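Welcome to this short tour. Keep your viewer open and have your selection tool ready, then follow along stop by stop.

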Amino acid sequence: MTTVATALADARRRGVASLDAQLLLAGMLATTRTRLIAHDERPLTPAEAARWEDSLERRLAGEPVAYLLGEKEFHGMAIRVDRSVLVPRPETELLVDWACEAIAALASERFRGGDHGPIRAVDLGTGSGAIALALKRAHPQSDVTGTDVSAGALAVARRNAERLGLAIELLKASWWHGLEGRRFDIAIANPPYIAADDPHLATLQHEPAIALTPGGDGLGALRAIVAGASAPLAPAGWLLLEHGFDQAAAVRELLAGAGFWGVETRRDLAGHERATGGRRPSF
């Protein structure tokens, strides 16, 4: 007879991390990790045991836990995901926190100038909608737009927005193409930035390649976003970009070369240079 305890022990023996196994089994049994561990004598039905074996095999093949569970926690929200979108990473919360600071600063500047209109934010390449939804949740008075070239990703983002009750605009667009005539106060992007020859790509085979790498040296999408930002960004508007741990200097150079001021880089919790941003000239 397979119990919770023996199922978890088998997962560890086969090389699945304890936390991953606990999350997977708790999700499958619709319970919490705490209750799962407290009642580890509970037997699995034959159907549950079969589902558990399938989950283990998929995890051992490298499929992310988030895809197996169907969701990932991000900035205090449960974001639904599937294989059409990138799994939200904890380091991307740095980008959200920075964007929230910038929105608050922009709103204060605008208020002092007598303008009480909403801040207009755009999340380029929104995927699951995680960044756009986190911004809307933190700053409900802002107008938030999320764009993506993938219809599948937009469908996931739309379902997340509806489930979370957060009203964001979702548009099909490729970076700035599709946003002609629009003007934003802040743009945020976590674009594909892994170089084509990076060995880490092999470990990410279950996630959409279009969201991971633009090919070449990995800077193609970042170049396109910076190069096209002048017209759609309002004067003194912010552009905040996530990038690889070894790309900060290159991104700072891109922004400075495009005339952005106040360019700086922030580090993630691991100490890696993870996000770089600046402000468009005021003229």
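At what angle do helix H1 (residues 4-13) and H2 pack? Before you turn the view, please note that this is a predicted model. Select both helices: H1 and H2 pack at about 140°, and their axes lie 9 Å apart. Angles over 145 degrees would count as roughly antiparallel, and 65 to 115 as roughly perpendicular. H1 and H2 are therefore oblique to each other. The crossing in which H1 passes H2 is right-handed.

Leu-23 itself counts as partly exposed, because its relative accessibility is 31%.

**Stop two: charged pairs**

Side chains of opposite charge can pair when their charged atoms come close. How many salt bridges does the count come to? The count is 20 salt bridges, and here we visit a few of them.

Go back to helix H1 and select Asp-10 and Arg-13. Both residues sit in this helix, three residues apart, which is about one turn. Asp-10 and Arg-13 form a salt bridge, and their closest N and O atoms are 2.4 Å apart. Arg-13 counts as exposed, since its relative accessibility is 65%.

Next, select Glu-48 and Arg-42. This pair also forms a salt bridge, with 3.0 Å between the closest N and O atoms.

For another pair, select Arg-120 and Asp-185. Their closest N and O atoms are 2.9 Å apart, in a salt bridge. This pair links distant parts of the chain: Arg-120 belongs to strand S3 (residues 120-124) and Asp-185 to strand S6 (residues 184-189), 65 residues apart. Arg-120 has 30% relative accessibility, so this residue counts as partly exposed. Asp-185, at 5%, counts as buried.

**Stop three: a loop residue**

Where is Gln-141 found? Look in the loop between helix H7 (130-138) and strand S4 (143-148). Gln-141 is exposed, with a relative accessible area of 62%.

**Stop four: two alanines with a positive phi**

Most residues other than glycine have a negative phi. Select Ala-30, a residue that is not a glycine but has a positive phi of about 55°. Ala-30 lies in the loop between H2 and helix H3 (33-38), and counts as exposed at 74% relative accessibility.

Finally, move to Ala-236, whose phi is also positive, near 70°. Ala-236 is found in strand S7, which spans residues 233-242. With a relative accessible area of 14%, Ala-236 is buried, whereas Ala-30 counts as exposed.

Key
Residues are numbered from 1 along each chain as its sequence is written. This is a predicted model: local features need pLDDT of at least 70, side-chain atom pairs count only at pLDDT 80 or more; totals for chains, interfaces and linings use all residues. Side-chain values use heavy atoms; hydrogens and water are left out. Buried means under 20% relative accessible area, exposed over 50%, partly exposed in between (1.4 Å probe, protein chains only). Axes are lines fitted to C-alpha atoms, for helices over the stretch in contact, and angles run from 0 to 180 degrees between N-to-C directions. Helices (H or I, at least four residues) and strands (E, at least two) are DSSP runs, numbered from the N terminus. Angles under 35 degrees count as roughly parallel, over 145 as roughly antiparallel, 65 to 115 as roughly perpendicular and the rest as oblique. A crossing is left-handed if the near helix is turned anticlockwise from the far one by less than a right angle, and right-handed if clockwise. A salt bridge is a side-chain nitrogen of Lys or Arg within 4 Å of a carboxyl oxygen of Asp or Glu.
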